Amino acid sequence: MLRADALETIYPELEKHIVVTIMGAVAAELYMLGHRHSFFYLEHAMGLASSMGLGIALAMPTHKVIVLDGDGSLLMNLGTLSTMARYKPGNLLHIVFDNESLLSVGGFPTATATGTDLAGVARASGIPSVVEADTCESLGSVVREALAGDTLTTIVSKVEAIGPKTFHMDLPLLENRFQFKRALEALQRQQ
Amino acid sequence: MPVSVTNSKLIYAALKACDVKIISALPETWLVHLIRMADEDPDMILVRIAKEEEAIGISAGAHLAGVNSALLMQNHGFLAAINPIVSLALLYKIPLVMLISYRGHMGEKDPWQTQGGMATEPVLKALNIPTWHLNSSTDIYRRLKDAQTLAHASLHPVAVLLSRELMWEE
């Protein structure tokens, strides 16, 4: 599965909710599908997209928060799985695209290329629902199911180590930051 | 354990007066009473993290969602969180209110705390993080309130160093 195709499949769900994504290929591919003010692209601080998502999910318990993570990022912050599992916010959906590679910085293999099983780590950390979805069809249905329910879910999707031709995004990071905060404030006011 | 209950209560009351709703914490001796108070407070979300880096992400998320948060960490935890402080909080202009127990400073008996004690203020200075020392029970409310005010006005992290004089009774 290509991550770009996976993102396109779930984009109708993504655009309805709060999304925090990691940097690099994932950010660029999501941006190319169509930016929304409720999308935050964490352009640095590798590993912390899920922690940010947890902070938002705890602060906004009536809204769904989707984190787009990657194998390289998650491996930098494995403790996040145990912290998310401890509080189990049912409004948080954690999607990990595992291309077994640090694609954005030269394509060197990560530990998932040599046997580390992130779904297994998530299960053992206590995440209540962990699903592996390696086709667009299965990913689409698992995402819809997780968003319809109220159970903290981690989805691990194996994807090919292929990224976009360019990582350029015509969106200065501070513009994204202030825009995103205003979008969340507007959502809070709707309650 | 001679950690000051009285001053811990004053610090916690000041955090409540600052409308802090989320506290991320990693246990450390001087912080035990504060963490217990947060845990027992039904109106406080206490997030027990595995490593301090996570707390920077959690507070960033809370801020963007419009909720006030605070971080409770030892100074070695602050040192462990430098990259997220730089590449999330400073990069994205995120206010952080970091309450840091200042181990390894004057009066420290544990040799293993001393290097971190000596590195703490130089690192805060290098990152241009405004820093208050909390040494006296009379300063607690005013200094925490002012630290939070500056963090929000400057969209920048601030540090409040909890001193031995305040936290440890012997």
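**Entry 1**

I looked up B:Asp19 and found it exposed, because 9 C-beta neighbours lie inside 10 Å. My cut-offs, with C-beta atoms placed from the backbone: buried means 20 or more other C-beta atoms within 10 Å, exposed means 12 or fewer, and partly exposed is in between. This is a predicted model, so I use local features only at pLDDT of at least 70 and side-chain atom pairs only at pLDDT 80 or more, while totals for chains, interfaces and linings use all residues. Residues are numbered from 1 along each chain as its sequence is written, chains are lettered from A and ligands numbered from 1 in the order in which they are written.

B:Asp19 sits in the loop between helix 1 (5-17) and strand 1 (22-25) of chain B. Helices (H or I, at least four residues) and strands (E, at least two) are DSSP runs, numbered from the N terminus. The phi of B:Asp19 is near 60 degrees, a positive value in a residue other than glycine. Most residues other than glycine have a negative phi.

I then checked B:Asn128. Its phi is also positive, near 60 degrees, and B:Asn128 is not a glycine. I place B:Asn128 in the loop between helix 6 (114-126) and strand 5 (131-134) of chain B. B:Asn128 has 9 other C-beta atoms within 10 Å and is therefore exposed.

**Entry 2: the sheet of chain A**

I traced an open sheet of 6 strands in chain A, in the order 2-1-3-4-8-7, with parallel pairing. Two strands pair if DSSP finds at least two bridges between them. Which strands stand at the edges? They are strand 2 (39-41) and strand 7 (129-132) of chain A; each has a single partner strand, so one side of each has no neighbour in the sheet. On average, neighbouring strands are turned by 15 degrees against each other, direction ignored.

I counted 4 bridges between strand 7 and strand 8 (residues 153-158) of chain A, which run parallel. A:Glu132 has A:Val156 in strand 8 of chain A as its bridge partner. Helix 3 of chain A packs on the sheet and touches strand 1 (18-21), strand 3 (65-70) and strand 4 (92-98) of chain A. The direction of helix 3 makes about 170 degrees with that of strand 3 of chain A.

I also looked at A:Ser129, which lies in strand 7 of chain A. A:Ser129 is partly exposed, because it has 18 C-beta neighbours inside 10 Å. Beyond four places in sequence, A:Ser129 is in contact (C-beta atoms, placed from the backbone, within 7 Å) with A:Thr151, A:Leu152 and A:Thr153. The C-alpha atoms of A:Ser129 and A:Ala85 are separated by 9.8 Å, with the two residues 44 apart along the chain.

**Entry 3: a helix pair in chain A**

How do helix 1 and helix 7 of chain A cross, left-handed or right-handed? I found the crossing right-handed. The axes of helix 1 (residues 3-14) and helix 7 (residues 136-148) of chain A come within 9 Å and cross at roughly 30 degrees. Residues of helix 1 of chain A that meet helix 7 of chain A include A:Asp5, A:Thr9 and A:Glu13.

**Entry 4: the A–B contact**

I found 27 residues of chain A in contact with 27 residues of chain B. Helix 3 (49-59), helix 5 (79-87) and helix 8 (173-190) of chain A each supply at least two residues of the chain A side.

Notes
Contact = placed C-beta atoms within 7 Å. Axes fitted to C-alpha atoms, helices over the stretch in contact; angles between N-to-C directions. Left-handed = near helix turned anticlockwise from the far one by under 90°.
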